[in-house]
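Dear colleague,

Please find the structure below, passed on to you for your own work.

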Amino acid sequence: MSKIYSELESGVKDGFVTHIDQVRGADMLGRMVNIKYSELLSLRDNNNLIPGSQYRITDFVTTCNSAGSVSGVTTRSAGHAFDIVVIADSTNTLNENARAVIHDGDTYFAGSNLAAWQLKYSIDNDTSHFAWAIPESEGGKGVIYYMKDEFNNECFYDFKNIQYLRENVYYYTFSIPIINIYTYITDKTFDGSITLEGSSRLKCVNNTISSYRETATDKLILNNIIFFTDPIFEDMLADAYYLCFNNNIEEDCRSMYLPRPTNTHIGKNCYGIEIYQFFHNSNIGFNCYNIKNVYSIEYSTIGDNCHVLFENFGRCEYITVGNDCSGIKTIDNYSPSLQRCVFGKNCRNLTLSGNDSNKYWNDYFFEDNTGVKAGETLTIINPETTTSPGQYKFYKTKIATNSAGEVKIYCEADLIA
């Protein structure tokens, strides 16, 4: 008989009272025993769990291997404690569908409804399966590998605690950057997925971030995806809106930095996406990467297998970028607008530019399979001037090869059947 089981029989364990009728047989079913992580692990390993019993791990806290994320990004746990409740399925098996309970004396989660949380929890610190796990000898207390909170935010790790280091500041998955009142520099972040006690403002709702696995080992790895809002002073938190809702990040996406995203769907295998302003109602297709510093993309779709780079793109409304486009680069002027645009399949190495802040391009599209060959570069700079001084307009345009095999841009008036 194990030492822990003997202590339970004696009726006293670690400062709180237990009784034999609470730990044995039918009287135990449905009841809850407070227990420390190491004790529960010992019960499991020695086949001394009571099937049907509930065990509340009172010293649980999420731990994190600092190298548990993609691309060498440093990670840590914020250390906000809550207790985990698990049920024994057999004498040596714990059901991994778990519950969260407020930790005695905790105030951090006082405004949260932990009873509504859904967790998946492994008592084993399996570093071959969870990249961020640490051994028990180093403080590991098991791994949360799925969390869904009362606001329908869900992720494959404990997003209430896991943080990513970026520009010398640790960010939560759903972050509100906090400005230092003396330096006016962001030096910490607040978790936008929790509600402060006494505040009715919802911070973050209906967001899903799916898992990322290392291909060679099938190991789960923290994916370095951060949603964030504008920086604020700490005394503004209770009244702050987070503006982060209805976003879905699919499996295998990683390394994304997204401000105020809403109604956004990002497909599989995307990475390196850093969007700093106004990314609304958009879909990014499979296998895209390196989309960054976009000023405004609205009502947009970026097609499958694009390898694109938008920098300081400016108002890009109603745009669809077709499959297999590559090398789309800058419109780097103040508030340009490229509206209702379609880029067809198989275009390559596009450069869109201009130098007039009042420019607008309207109804601009490339048709599918236009004859632009892989490796060729299309550069569009300073389109034809319209009758309105200082404005430019490029519309209903087709790219095709002429009889000499040259790639040409044809305006609507040139397209004579």
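**Findings**

The accessible surface of the protein comes to about 18700 Å², and carbon and sulfur atoms account for 46% of that area. Please note that this is a predicted model. The protein has 417 residues, of which 47% count as buried. Its secondary structure consists of three helices and 35 strands. Among contacts between residues at least 6 apart in sequence, 44% join residues at least 24 apart.

**Cavities**

A search of the whole structure returned two cavities of 30 Å³ or more. The volume of the largest cavity is about 60 Å³. Its lining is made up of Phe60, Thr62, Thr63, Trp132, Ala133, Gly142, Val143, Ile144, Asp158 and Ile162. By class, the lining residues of the largest cavity comprise six nonpolar, three polar and one charged.

**Helix H3**

Helix H3 covers residues 37-45, and its buried residues are Tyr37, Glu39, Leu40, Leu41, Leu43 and Arg44. In general, an α-helix has 3.6 residues a turn, so residues three or four places apart point the same way. After H3 comes asparagine 47, which has a positive phi, near 60°.

**Two loops**

Asparagine 180 belongs to the loop that connects strand E14 (174-179) with strand E15 (186-191). Which backbone atoms does the side chain of asparagine 180 reach? One is the backbone nitrogen of tyrosine 182, at 2.7 Å. Another is the backbone nitrogen of threonine 183, at 3.2 Å. Leaving aside residues up to four places away in sequence, asparagine 180 touches Ile185, Asp187 and Phe233.

Is aspartate 235 buried or exposed? Aspartate 235 has a relative accessible area of 70%, and because the cut-off for an exposed residue is over 50%, aspartate 235 counts as exposed. Aspartate 235 and isoleucine 178 are separated by 57 residues in sequence, while their C-alpha atoms are 9.5 Å apart in space.

With kind regards

Technical notes. Residues are numbered from 1 along each chain as its sequence is written. This is a predicted model: local features need pLDDT of at least 70, side-chain atom pairs count only at pLDDT 80 or more; totals for chains, interfaces and linings use all residues. Side-chain values use heavy atoms; hydrogens and water are left out. Helices (H or I, at least four residues) and strands (E, at least two) are DSSP runs, numbered from the N terminus. A polar contact is a pair of N or O atoms within 3.5 Å; within protein, one must be able to donate a hydrogen and the other to accept it, and residues adjacent in sequence count only if both atoms are side-chain atoms. Contact means heavy atoms within 4.5 Å. On a 1 Å grid over the protein atoms alone, a cavity is a set of points where a 1.4 Å probe fits but cannot get out, and a pocket is an open set with protein on both sides within 12 Å along at least five of seven lines; lining residues have an atom within 4 Å of a point. Grid points are joined across faces, edges and corners, and a volume is the space filled by probe spheres set on the points. Ala, Val, Leu, Ile, Met, Phe, Trp, Tyr, Cys and Pro count as nonpolar, Asp, Glu, Lys and Arg as charged, and the others, Gly among them, as polar. Buried means under 20% relative accessible area, exposed over 50%, partly exposed in between (1.4 Å probe, protein chains only). Accessible areas come from the Shrake-Rupley method with a 1.4 Å probe; for residues, only the protein chains shown count as cover.
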